[in-house]
Structures are given as structure tokens and as C-alpha cells.
Amino acid sequence: MRTIVWAIAACMAWETSGFSMPSVLPVARLGHGSSVQSRSPRLGIPLSSRGARSARLLKMQDGGLEGEEVRPEIKTKGSKSHGTDVVVIGAGLGGLSAGALLAKYGYKVTVCESHYHPGGCAHGFEIKSKKGGIFKFDAGPSLWAGMNQPSTNPLRQVLDAVDAKVEWTTYDGWGVYFPDGYFRFNVGPADQPGGFEDVLKKFGEPGGGLDEWRRVQETIKPLVLACTTFPPMALRADPGVISTLWNELPKFLSFGPVAAKINGPFSAVMDDCNVKKDTFLRRWLDYLSFALSGLLADGTICAAVSYTLGDLHRENSVLDYPIGGSGAVCDALVESIERNGGKVLLSTHVDKIIMKEGKAAGVTLKGGDTITASHAVVANAPVWAIPKLLPDEYEKKVFGIPIKAKNEGLKRKLSDTPQTDSFMHLHLGIDGKGVENLDIHYTVINEWEGGIDKPGNMIVISIPTVLDPSLAPDGKHIVHAYTAGNEPYDLFKGLDRKSPEYKKLKAERCETLWKAIERVIPDVRSRVEVELSGSPLTHERFLNRPQGTYGPALAAGKAMFPGPGLTGIDGLLCCGDSVFPGIGVPAVAASGITTANTLVPLEKHRQLLEEMKAEGKMPDQCMV
Ligand SMILES: Cc1cc2nc3c(=O)[nH]c(=O)nc-3n(C[C@H](O)[C@H](O)[C@H](O)COP(=O)(O)OP(=O)(O)OC[C@H]3O[C@@H](n4cnc5c(N)ncnc54)[C@H](O)[C@@H]3O)c2cc1C
């Protein structure tokens, strides 16, 4: 059973990672269609629920800002106390996916989010420059795939299930600055002209070149097939999963021993295929793994890397970007929750989970209001934030006898979950005059010595205005550069964000980002109109991530991501990157699916699957 569940990991692995790609493709149309006038221009959601936007000074003690943040006006007056069926703590993509599905299933849902923007790591924000132009930034994810049409991507299945509309534009590769030299990584079959085999012919060497690559491709074929056998929307974390996966089970079992490899580390495949250490190919596969999970190939599950390779190298493969930025995806999910009768309460921090008769029964908000939940509480907060939400002890009955259950051990266990490192960020609004032939994404790796994961070594640059110029005023670009989950929090721990010491350190640590961007736009520093720099402290504060972490560091083969019932508390399920299948946009959507479906009677779940199949929303997408 466990193998089956792990096998599904592929459905959930996020296709590509947080790095870079270029464009070339025509920019698709912008905005949200004809209903746009009744909606907030950026948020794409009814003004009644969020209020108008207003420009307010951004109180960002980290400094470095040249402009004002444009924030949504959030109603904060009046009691928020009410009763509902399900309370979701956190409006990250995991919580929004779970909330949107539960609302679609007919439950009354209230999502509580601490931030004034929905989306968690994936939220969007706007800065008005001193010259008055609005720049729309992505806080985090920039790499999306399998989104422009119904696909095996779990997030796409959520959007399709709840009729959430997002417009996508596509592109076909990204620019890579490796220590070996520059190349453009073009998606699609590796043996097509300009494909990955051409890169290998240039940079590959004996032990890590064409022969080994072809062996890897052959080896992963059945893995990719096994990974794409189960539709993510069929997931649930109870015995009902046998019923929802039943039709595909014989096909999956036909892959036999191959399926067993799926939850091991991808490095095992590299070893089987004789990909030698310190070769270009080994480093490439380590880079893809690191970008996916924050761990190298020896810690990243085979399912995730195999699925990614299968997706990147299939016929007609493309990458996607949401028109309006990552905030547009969050807004579409919020809109669907509200359309189906639910609420998304922003600037609403949950202080504690209420326990009643041994069961999670609601939440207490900062300020004292309470929201009771008759069906369940769903926690989308990262695992390290959950102990604070739990009471130290609560009463429950065992065989009818009341006992005091203590949460001390559970809290310790959750807090001890190992963490990946954090990020440095640069968000820039720049003058784009004379800057030509840009790609939307680039990856820079400075050196191989010390490893890909050495602090400050791997940098991702995203310039989404290349595909969606509506994100900036005419002739301008937005640039988001970040070190990809490799900045140690401890360097900044305890520093006062207003102190000169902090500012100096932040400026020093950002240099690697500036230098990376200069490879793409040599005179970038003279073009800056808006500048925001961020450290692990900024990441911790604005993305609400404990120690600014990318997510749990659970190495494949040694540890497993837990399921949604990780606390063992009745009525409390978790979703997001702290639970199976882990970090990344598709993965957290898959966890939202699993959690929502687990809370729904099997019949309702099966009905949704039937409807989606009939409407062509769950294609059988063979990728090899
Ligand atoms: C810089 C960066 C780049 C990335 N790039 C990519 C990429 O290109 N492609 C990709 O697939 N993935 C990428 N990722 C990973 C991906 O964005 C995340 O794994 C995913 O968005 C996490 O979603 P989540 O729902 O688990 O959690 P989160 O996004 O952390 O959401 C949790 C939410 O819970 C809220 N919350 C917490 N506690 C409380 C409380 N007590 N009360 C109320 N609310 C609370 C938080 O404010 C937050 O909004 C990137 C991540 C980062 C940081």
C-alpha cells in the first residue's frame, strides 16, 4: 500500500524547479476577461470581498525599498467569530487547494490567513515606484509546467475541478550559466536539434555524457509511466484510496519491481547508469534535484526527478507562466472559494486550535474571536508553526473513560523536523530600454567546488515581464533573483533588521545576486527604479516561514514525508509542503487534494472524479 502511495508521488512532484528559463514566445493576452471591471484590477476578485486597493508606505525595516507598496484594503473592524464546517489555517497554495475543493464539495469553508495577501510563498505584491509606475512581483515560485491545459499536474486538476480561471502563456526553455559555460536548455525531446543532447555533446565527458544520458532516459521510462498512472485527483489518505485508484491499479502493478524504486533517491538511478561523479551530467541531475527539493539527487525522491525529466523531454513540452503573476493563481482559488460560499479572511492570524471532546473543533484568532468548525480543522501552516497552535493538553475519551492527552511529545517531534536553508532575494523594477533577447528565466551556478548547495552558489533569475509586460509600466521589467534555498539562517539569526550591521551583511550577501543578474543585464545597477532586497529574516517575516526555510529536509530513502494526519489529533488534518509529497507548487496542491478528499465521503469523491473524466479534465497523459 505504501508503495502505491509513494508511487503517486510522481503525480505530485513539481515538474521543474525554482530556476530559470527564457521566452521567445509571443505574449498572450493579459487580464481576466470581460468581467474585469467588477473586479480588483490586480487581484481579479470581487471588490466587495477585499475592498479597494490603497497605496501605503511599505513598512519594511529591511530597507532597500524605492517606492510604496500597494496593499489591498482589508476590513479589520467587527467580530470575525462565526461557525462553519471546515476552518483552514493558512492560505498557501496547499490550503487554498484544500479549501477550494471542500467548498466545491459543498462544505462551508473559512480560510484564515495571517498575511494581507493570499498565497503564502506564492503570493504576489505590488510596488509603486517614485515615478508612479506599478511593478507587480512574485514573492516565490516562478516555474510552472503542465498548467496551460488539463494535465496530470495536481494544481491544474484543482483549478479544473473548481472552475478557477487562470490565463497561461508558454515558453520553451531557459538560460543556464554553469561554470562550464553558458547554454540554453530547450525543453522537448533531447535528441531534437538544439535539444539537451547538443548540450551534452559540448559539455559532457566520458562517464557523464551522451551514453550515460541515454541510459538514464531508458531507465526512467517505466518510472515515468508508473508515476503518471494515478490521477492526483484520486488521492485520499484512507482505505477509500483503493477504490479511487482501482481502475489504474493493474496498470501500476504491471510495472512490477520498477515501481519499488520510485521512493528511493534519484542518485540510485544515476549510479545504475554509471553516471560518474564530477561529470557534467551528474551535476546537471544534481542541480535539477536541488531545485526540486532543496536536496541533491541523493536526497530527492526518484519519482520527482523522473517525472520532471519525463515532462521536460516529452514531445511538445512547454513551460508555463500565469498572466498576472503567481498572485493571479492565488486569486483564482480565492474567487472559487468565495463563489462556492466560503470565506477567505486575510490579516487573520490563528492563535490556537480549539479542542472539544477530544477533537479539533475550531480556532481562536489573534484578538480573541473564535471560529467553530463542525467537520474539521485543516492546518496549512508549516510543520514548525503547528506546535504553537496546539494546546499543551486536552481531554479525550478512551473506551469512554476521560483522560488528559498531552501534546508535549508531539510538539517536540514536529519542531524537530529538519529544515532546508533559506533565501536571499532581490526584487527589482528596471528600465528595459535597449535590453533585448531576454529569456524569462536563468540559472547561475558560480562554481562546482563546495557543491551546488554551497551558500550563495546557485541563483535563480526570473524576468516574467518578458512574457507578461502587464506586470510593469511600459518599457520596464521586473526581475526577481534569489539564492535557491541555500542561504543559512544562522548568518542573520538575532540581528536587528534596523541595525547597520544587518544592512551591511544583507548588502554583502546580495552581491552574489547582483553579479548573477549582471551576467544577463550587464548595466542592471544603473537601470533600477524599484529595489527590494531580502534576507532569511525577510523571508521568515513576509512569507511566514519559520527560519525562512524552503521546507522540510527529509532525504529520500532515509525519511518520508508524513501524511495529512501527522498530528494524530482527531479532526485535524494538515496540508502543504510539510506533508507528503513535499515541497513545490504541484506537490502542495496534491497535498491539498489528499486532505480535502479524505474529509469527503467516498461517494462524493468518486462523483467528482467521474465528472472530471467526462469533461476531459483528467487526461491520461503518457509522457514517454
Ligand atoms: C523563492 C521561492 C521560489 C520557489 N520557486 C518555485 C517554483 O518555481 N516552482 C515550484 O513549483 N515551487 C517553487 N517554490 C516552492 C513553492 O512555492 C512552495 O513549496 C509552496 O508554495 C508552499 O506552499 P504551502 O501551501 O505549503 O505553504 P505556504 O506557502 O508557506 O503557505 C502557508 C500559509 O499559512 C499561513 N499561516 C501560517 N501560520 C498561520 C496562522 N497561525 N494563522 C493564519 N495563517 C497562517 C502563512 O502566512 C502562509 O500564507 C518556491 C518557493 C520559494 C520560497
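**Strands, sheets and a helix**

Mentor: This is a predicted model. Start with E7 and strand E11 (residues 319-322): they pair antiparallel, over 2 bridges.

Trainee: Which residue in E11 is the bridge partner of Trp 144?

Mentor: Asp 320 is the partner of Trp 144.

Trainee: What sheet do these strands belong to, and in what order?

Mentor: An open sheet of 3 strands, ordered E7-E11-E8, with antiparallel pairing.

Trainee: Which strands stand at the edges there?

Mentor: Strand E7 (144-145) and strand E8 (168-171) do. Each has a single partner strand, so one side of each lacks a neighbour in the sheet.

Trainee: What holds paired strands together, in general?

Mentor: Strands of a sheet pair through backbone hydrogen bonds, parallel or antiparallel.

Trainee: New topic. What is the strand order in the open sheet of 7 strands?

Mentor: The order runs E10-E9-E19-E20-E21-E18-E22, and the pairing is mixed. Strand E10 (181-186) and strand E22 (528-534) are the edge strands, each pairing on one side only. From one strand to the next, the twist averages 15°.

Trainee: How many bridges join E18 to E22?

Mentor: 6 bridges join strand E18 (residues 425-431) to E22, and the two run antiparallel. In one of these pairs of residues, Gly 429 has Val 530 of E22 as its bridge partner.

Trainee: Now helix H20. Why should H20 span 18 Å?

Mentor: Helix H20 (residues 602-614) has 13 residues, and at 1.5 Å a residue that should give a span of 18 Å. Its end C-alpha atoms are 18 Å apart, which agrees.

Trainee: What about Gly 616, is its phi positive or negative?

Mentor: Positive, near 70°. Gly 616 follows H20.

Methods. Residues are numbered from 1 along each chain as its sequence is written. This is a predicted model: local features need pLDDT of at least 70, side-chain atom pairs count only at pLDDT 80 or more; totals for chains, interfaces and linings use all residues. Helices (H or I, at least four residues) and strands (E, at least two) are DSSP runs, numbered from the N terminus. The expected span of a helix is 1.5 Å times one less than its number of residues. Two strands pair if DSSP finds at least two bridges between them. Axes are lines fitted to C-alpha atoms, for helices over the stretch in contact, and angles run from 0 to 180 degrees between N-to-C directions.
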